[in-house]
Amino acid sequence: MQVKKLAREEYEAALAALGVNAPVEQLPVWQEFESTIPGRSPWGFVSFEDQGSLVAAASFVQYETHGYRYLRAHHAPVWGHEPSAAEEQAAMDALASFVRAEDKRQVFARLAVKHELPVTRPCLSTLPYDMTVVIDLTGGDDDILARMKPRGRRDVRKALRECQVSFADETELATSSFDEYYEVMIETAARDGFTPAPCEEYRNMLRILGPEHCRLFAGRLDGQVITWTLTTISGARATRYYGASRSGSARALATDRLIYFECCELSRMGCTEYDQMGIGSDFQPATKSLNTFKTKFAKDGERCIAPDRDVPFKRGIYSALHKVKDVRGALRAMKNKED
């Protein structure tokens, strides 16, 4: 297996030659978006070749944090076929050799590797997942509803009857000003216990990816935004990337109806699949609380995917980073226990 660096045009040709629908994060425009985020910069595009034949490709962004650098390739390599463990091992070995020769500053790469390999390690940070839910968008509105689980159909029908929220594609409005939508995200983050990205990051995502690759769907009650979803699109595949909602008794109904609205609108745009972006499993039990809600919209929608794993290039430094993480975790646990 060999890894070769590609120019942007060569990379786009490689994706076309693989004949698969690349994730939006693997389109060159995603590098343009990530370059607006502090600490991130485009690193380059590569191909993976086996005996001279193209088998996969990847787009890498460099991340700089806490004094070290690493490479990130979301949902990549993009393979033209389902790789075996041996093929993934050969690809990761070739990538490690290539990066060590090309850029000695990189400590590791984080990318999607289906099999647990001798060369891979669990992610130093983030919560990777190996299962997701994909809603089939083919057919019309009634077909989408009919393929839901009984609970999903019941909840959506209830929302259609009782929810007074109005829904629309507000991509153009949100691109011009994201402030109103960000207020809802701040409320969501405070309720659910996470830190949202800066407002400008969401706006840049809409602006740089453009309506071809990014849409915002929103629900309003008495003119006020109470729920919204930021959806990415690559070819016929859409992904529910971010979502936010105000607290209140109408939240569940509004979210159920919004998701159904998104499905129907995306179907009319030509999308055939809607990825709900991860559920929990034995691999990632921390997110199992998401399963009941996400799976109700697709009776046969659960899919196994390649999770993120780390591939160290500088093993000594990488091991030290893991030890620091373990110490910080232990100190945090002790503090929580004392509190």
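Biologist: Is T126 buried or partly exposed in this model?
Modeller: In this predicted model, T126 is partly exposed, because its relative accessible area is 45%, and buried would require a value under 20%.

Biologist: Where does T126 sit?
Modeller: T126 is found in the loop between β6 and β7. Its phi is near 75 degrees, which is a positive value in a residue other than glycine.

Biologist: What about H75, and what is its phi?
Modeller: H75 is not a glycine either, yet its phi is positive, at about 50 degrees. This residue belongs to the loop between β4 and β5. With a relative accessible area of 28%, H75 counts as partly exposed.

Biologist: Which peptide bond is cis?
Modeller: The bond from A76 to P77 is cis, and its omega is near 10 degrees. P77 is located in the loop between β4 and β5, where H75 is also placed.

Biologist: How many of the lining residues are nonpolar, polar or charged?
Modeller: The lining of the second largest pocket has 16 nonpolar residues, six polar ones and six charged ones.

Biologist: Strands next. In what order do the seven strands of the open sheet run?
Modeller: The order is β8-β9-β10-β11-β12-β7-β13, with mixed pairing. At the edges are β8 (166-169) and β13 (302-304), each of which pairs on one side only. From one strand to the next, the twist averages 30 degrees.

Biologist: How many bridges join β7 to β13?
Modeller: Strand β7, residues 131-136, is joined to β13 by three bridges, and the two strands run antiparallel. Within this pair, T132 is opposite R303 of β13.

Biologist: And β6: why is it largely enclosed?
Modeller: Seven of the seven residues of strand β6 (residues 106-112) are buried, so the strand is largely enclosed by the rest of the structure.

Biologist: Which sense does the pairing of β4 and β6 take, parallel or antiparallel?
Modeller: Strand β4, residues 68-73, runs parallel to β6, and five bridges join the two. Y70 stands opposite F108 of β6 there.

Biologist: How many bridges pair β6 with β14?
Modeller: There are five bridges between β6 and strand β14 (residues 308-312), and that pairing is antiparallel.

Biologist: One more residue: which helix holds T175?
Modeller: T175 lies in helix α6, which covers residues 171-176. At 22% relative accessibility, T175 is counted as partly exposed.

Biologist: Beyond its neighbours within four places in sequence, what is T175 in contact with?
Modeller: With those neighbours left aside, T175 is in contact with R203, L206 and R207.

Biologist: How many residues apart along the chain are T175 and L206?
Modeller: They are 31 residues apart along the chain, and their C-alpha atoms are separated by 5.8 Å.

Methods
Residues numbered from 1 in each chain as written. Predicted model: local features only at pLDDT ≥ 70, side-chain atom pairs only at ≥ 80, totals over all residues. Heavy atoms only, no water. Pairing = 2+ DSSP bridges. Helix = DSSP H or I, 4+ residues; strand = E, 2+ residues; numbered from the N terminus. Axes fitted to C-alpha atoms, helices over the stretch in contact; angles between N-to-C directions. Nonpolar A, V, L, I, M, F, W, Y, C, P; charged D, E, K, R; others polar. Buried < 20%, exposed > 50% of the residue type's maximum accessible area, 1.4 Å probe, protein only. Contact = heavy atoms within 4.5 Å.
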